[in-house]
Amino acid sequence: MIKRDLVIVGGGPAGLCAAKVALDAGMSVTLVERFNRLGGQLIKQTHKFFGSESQYAKTRGYDIAEILIKELDGYGDLEVLLEATCVGLYPDKVLTIYQDNHYFKYQGKSVIIATGASEKVLAFENNDLPGIYGAGAVQTLMNIYGIKPGSEVVMVGSGNIGLIVSYQLIQAGIKVKCLVEAASKIGGYLVHASKLKRLGVDILMNTTIKRAIGKEKLEKIVTVKLDENWQEIKNTETEIKTDALCISVGLSPLHQLMSMAGAKMLDVSELGGLVPKKTCDYETTIEHVYACGDVTGIEEASSAMVEGRIAGLMAAKHLGFKHPKAFELEETLNNQLCVLRQGPCGEKIRCGLKKAGEIND
Amino acid sequence: MRIKEHPILNFDHTVKIQFSYNGKAMVGYKGDTIAAALFDNGVRHFSDSVVHKRPRGLYCAIGNCGSCYMNVNGEENVKTCLTLLEEGMKVSSAISEVNDD
């Protein structure tokens, strides 16, 4: 068994930021990543981030990934495991890591879970036909591998991912036939929706997918209009020819490791589903096991980075490691989170965190 | 089909990698995962559902959903969306029967 001060599961924005702060505090750190490179989903994000400078506003997602990875250069006490999957977490902070056909046992004095989230599916007839993808999968194919996912794409969901991926499809020279949204209001930032409208994309409100048609792969979809009670309106079914349907109806936290370890979990719909109960120090109900980023509630990468830094700082603090700027950093980071969650766009997350008992306003 | 021109990104599709899918010769590029190369070669049907044998395609492409499990060099249930393509790989969609019990 390999013993470390801290084992972090997930090399995305939250995990990378947690590693940096913990290393600065003098901890020995192992960072476990399932993919063959670090960066998580930032590596496929070609859009420039919003927010403030401390969260790399105006910088493209994949460039932010590069910055975060470079920040980890030169630390002797960092071990990065790539193409390594954490398949087990136990209450004594033992982790089972699967890499290259072997199982390895690690034990951390602290563990930070930063596994992120997975894309939700939508229920309709034939929703498992090849040609129906998560919007993130389409983004991966286009922006990482340079592959066209289809010739005529239909997007479902007008949240920021649906809007941004639609725009990126057009940038890659792929036709977006229409965007379908079940609600009567655009879910994401209007600035993204306006961009699509200007490019001639039809945005169909109060509309959902009734069924998919195709033998071995998707050929057509049937849409249907919804009334104000989300009920289908008769005689409004429309057939649309398409070879790629992108589903962008939200994300759910990848909670499995914490559920497995027996951490207390809460079901909070505003946070995306099952999330670990945690203190304001990001500690779960298992002592010295922390969680940060999308796994604690679906938000933007900007807040995942800040949460990662706080979790790293707290993991160090609770084991007596002293970060040179611990005091000011703690205050600054908590302030940054408050700012990120301000305003109407932060209402859902504020409400979710309140339900989870983390903020009391 | 590969993206030839992009306003932001540059793709390096110069180093070719030969592999086979169900015995058929295919070409991918350095940096591709197996799933990406298969997709580019027109493969959409990646696996079959366990009970009803319904065709399954790529869904999440980042290792969460399990729709792209295939047999690679004789090893079953390989997540093709996470595994890098290597020269001479033998990829097949054949899997053993799963016992429902």
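In chain A, helix H4 (residues 160–171) and helix H5 (residues 190–198) have axes that come within 9 Å and cross at roughly 35°; helices here (H or I, at least four residues) and strands (E, at least two) are DSSP runs, numbered from the N terminus. The axes are lines fitted to C-alpha atoms, for helices over the stretch in contact, and angles run from 0 to 180 degrees between N-to-C directions. H4(A) passes H5(A) in a left-handed crossing, a term used if the near helix is turned anticlockwise from the far one by less than a right angle, with clockwise giving right-handed. On the side of H4(A), the contact is made by Asn160(A), Leu163(A), Ile164(A), Ser166(A) and Tyr167(A), and on the side of H5(A) by His192(A), Ala193(A), Lys195(A) and Leu196(A), where two residues are in contact if their C-beta atoms, placed from the backbone, lie within 7 Å. By class, this contact of H4(A) with H5(A) has five nonpolar, three polar and one charged residues; Ala, Val, Leu, Ile, Met, Phe, Trp, Tyr, Cys and Pro count as nonpolar, Asp, Glu, Lys and Arg as charged, and the others, Gly among them, as polar.

The model is a predicted one, in which local features need pLDDT of at least 70 and side-chain atom pairs count only at pLDDT 80 or more, while totals for chains, interfaces and linings use all residues. Residues are numbered from 1 along each chain as its sequence is written, and chains are lettered from A and ligands numbered from 1 in the order in which they are written.

Chain A is assigned domain 1 (2–118 + 251–355) and domain 2 (121–247), with bounds that come from an automatic or database domain assignment. The centres of these two domains of chain A, taken over C-alpha atoms, are separated by 31 Å, and five residues of domain 1 are in contact with seven residues of domain 2.

Between the chains, 26 residues of chain A are in contact with 30 residues of chain B. Strand E7 (117–119), strand E8 (132–134) and helix H3 (135–143) of chain A each supply at least two residues of the side that touches chain B, and H3(A) gives the most, with six residues.

Chain B contains an open sheet of five strands in the order E2-E1-E7-E5-E6, with mixed pairing; two strands pair if DSSP finds at least two bridges between them. Strand E2 (24–29) and strand E6 (75–79) of chain B stand at the edges, each with a single partner strand, so one side of each has no neighbour in the sheet.
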